[in-house]
Amino acid sequence: GHDSETWNKLAAAIKKEPRNQQARLDWADAHYAAGQQTALTRTLVDAVQAGAPTGRLKDALDLIEGSSELEPYRLSALDIIRDYEKSSKHMPGTAARVLDYAAVWVHDDGSSRMLEHEILRMQSPEAINQFAEHPRLDGLVLHMRVIKRDGRILEPEMVAGKPTVTMPHLEVGDYIETEHITNLPGDGQQGASYLGPRWFFREENIAYARSEFLVIAPSEKRLMIETHGSVPAPVVTEKGAVRVLRWRVDSSPAAPVEPNSPPVTEFLPSVQVGWGLSLEQRLTAVRDVLADNTPVDPRISAIARSLVQKVPAGAITERAKRLYRWVLGNIEEGEELDGRRVVMGRQGNRWRGFVALCRALGIKTEYALAKNRLAEEPTGPISRATQYNQPLLRLRAEKGPLWLTFENRYAPFGYVPAEVRGMPAFLLSDGKPERLSTPPDGVPDGIRYDGSAKLKPDGSAEIDLNLSFQGKYAVALRKWLSEVPERNLHGELESKLLGQSLQGARLMSFKIDHFSDLDLPLFIRMRAETSSFAQPAGDSLIISPPFTPRLSQLATLPERQTPLLIGEATDHRVHLNIETPAGARVQSPVLDVKIRDGARQVVVSDRVKDNRLTLDRSIALPAGRVQPEDYRTFLEFARRADNALSSSIRLRVR
């Protein structure tokens, strides 16, 4: 008797949240149940026009119609396995991908459906251990099963709430088949742009027998195609209103992996397809998404004012700092994007929460996207359009602009990662995105060892040491210290901080300064004893200089095929005064050298005066990449630097 009330509620749910696909599915389901056969189709069209996700609606249509537009592009696993077995091929490795296949149908509105089909052959017990538990598949699952050597087919074992499914009774020679369809939304602008998935034809640990990628796209669209590595040209077929592009690579071996390399995906052969993409279009789209024109919530204003009590309105930096500290200390990172809800719920996007608090106090903030120094250089139109991907926030303070990130709750206020300093960026202000550069300077990422040691004739020593940590090192150490129980702190500092450089050292006492003041360096003052600061050798003592890292740990290969990635900038300094035993004399040459490789520099300026030996060393290693053609030069630099830093010092004591 209340049918009209039900229909009104369904309509109100869509009106309230036009992009809520569940509300639209409920509406279509109710009308379809009432006998309106075209309800799903009409609802799907309305959802596309509103820019709402359409995946669940398309799945419902497939369920009713019994197939999808990708049906002609499906492959028979049994036929592929039979052909593979007949060919007598053998792909090396613990497992082999007999088939790695995908077909993407892209619609005019930029939405798409992707069919993924994989067949994996077990070739060792290690592979069985690795793949017996398989992650659950997204979207519409068509096949997920074990195909035994004798042709039997076993369905996976599923347990409610378990994130994986179990592939039963796997043996060497068996196959795992997975096939599913996922839906990807459009750009919400009627197909003005499209960015497809990046498809890889090679993997770092598993060889591929057949890797194939199909794109079915409207013929009227002007496609951008970007390839990496050795990828053959596509086979193109025109089929009425659509164009089919097919790439195929056979017998692709496992990719080699080198230590300290950028992500291996940068160097694997791959292809990506899109249309309508440009840097300007992407920046404008990001700016529009980030724009917030909602009125200031009185509840947010009250919270913001309570956080800056007694701070003058003109002290913008101090006000922003208090908001920043509150956000990092009280808001857990989550998916919520509404700044008001983030602040009130104490969970969500910290950037949005901070901006909402700043708006409440009239502090002007602007988003920016910067280029990362460590990222690969663009190789085509798609990567050029997406190369600016490091988010930053700029606010206008009383003494000029301040730049912020929200990467870590222990970061200093105004900290910008070294890999983004001095890099080109775009400010996403109200008008056209403005090109500028990020500040070149910032808090250095470094460690400094200052101290003194009293060396005894038997090689033991008493040491007073002051350690100073800045930038990323202070952030990481503060996080680690916060997780160590106080009763274990002495032992952890002795073994993991002191013992790494002075084996067998005993920590007698310590003091930590500025742990809570995140804008200052973190200091740890230690007093320690060690029985083996120097090694006796006849009438001499041999000192191996402590607290100096080995750069050759970065250069472990004679040559490289991929760039060497130095992921963190290092500013490492040691200043240690060693009081030698009475009458002792330094026999080995005292080093005073400077070793350089571009911006990389190692300086050793040791000296001796009376009975005092001073070790004075510095290592400056900026974050960046060493290209394969420059690797030999870096390798020589690292070897020379290690020789200078680790060269033993001999003292004659009698």
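Colleague: Is strand S2 mostly covered or mostly open, and how many of its 11 residues are buried?

Modeller: Strand S2, residues 112-122, is mostly covered, with nine of its 11 residues buried, where buried means under 20% relative accessible area, exposed over 50% and partly exposed in between, using a 1.4 Å probe and protein chains only. This is a predicted model, in which local features need pLDDT of at least 70 and side-chain atom pairs count only at pLDDT 80 or more, while totals for chains, interfaces and linings use all residues. Residues are numbered from 1 along each chain as its sequence is written, and side-chain values use heavy atoms, with hydrogens and water left out.

Colleague: Which strands does S2 pair with?

Modeller: S2 is joined to strand S1 (residues 95-106) by 11 bridges and to strand S7 (residues 175-184) by 10 bridges, and S2 runs antiparallel to S1 and antiparallel to S7. Two strands pair if DSSP finds at least two bridges between them, and the elements themselves are DSSP runs numbered from the N terminus, helices being H or I of at least four residues and strands E of at least two.

Colleague: Switching to the helices, at what angle do H8 and H11 pack?

Modeller: Helix H8 (residues 298-307) and helix H11 (residues 350-361) pack at about 85 degrees with their axes 8 Å apart, the axes being lines fitted to C-alpha atoms, for helices over the stretch in contact, with angles from 0 to 180 degrees between N-to-C directions. H8 and H11 are therefore roughly perpendicular, a class that covers 65 to 115 degrees, with under 35 counted as roughly parallel, over 145 as roughly antiparallel and the rest as oblique.

Colleague: Which residues meet there?

Modeller: From H8, Ile300, Ser301, Ile303, Ala304 and Arg305 meet Ala356, Leu357, Ala360 and Leu361 of H11, contact meaning heavy atoms within 4.5 Å. The residues of this contact divide into seven nonpolar, one polar and one charged, with Ala, Val, Leu, Ile, Met, Phe, Trp, Tyr, Cys and Pro counted as nonpolar, Asp, Glu, Lys and Arg as charged, and the others, Gly among them, as polar.

Colleague: And which residues of H8 and H9 meet?

Modeller: Ile303, Ala304 and Leu307 in H8 meet Arg322, Leu323 and Trp326 in H9. By class, that contact has five nonpolar, no polar and one charged residues.

Colleague: What is the strand order in the open sheet of five strands?

Modeller: The order is S19-S18-S17-S20-S21, with antiparallel pairing, and the edge strands, each pairing on one side only, are S19 (400-404) and S21 (434-437). The twist averages 35 degrees from one strand to the next. Strand S20 (residues 424-428) is joined to S21 by four bridges, and Pro424 stands opposite Ser437 in S21.

Colleague: Which strands of the sheet does H11 touch?

Modeller: H11 packs on the sheet by touching S17, S18 and S19, and its direction makes about 20 degrees with that of S18.

Colleague: Last one: is Val355 buried or exposed, and what does Val355 touch?

Modeller: Val355, which sits in helix H11, counts as buried because its relative accessibility is 10%. Not counting residues up to four places away in sequence, Val355 touches Thr365, Tyr367 and Leu393.
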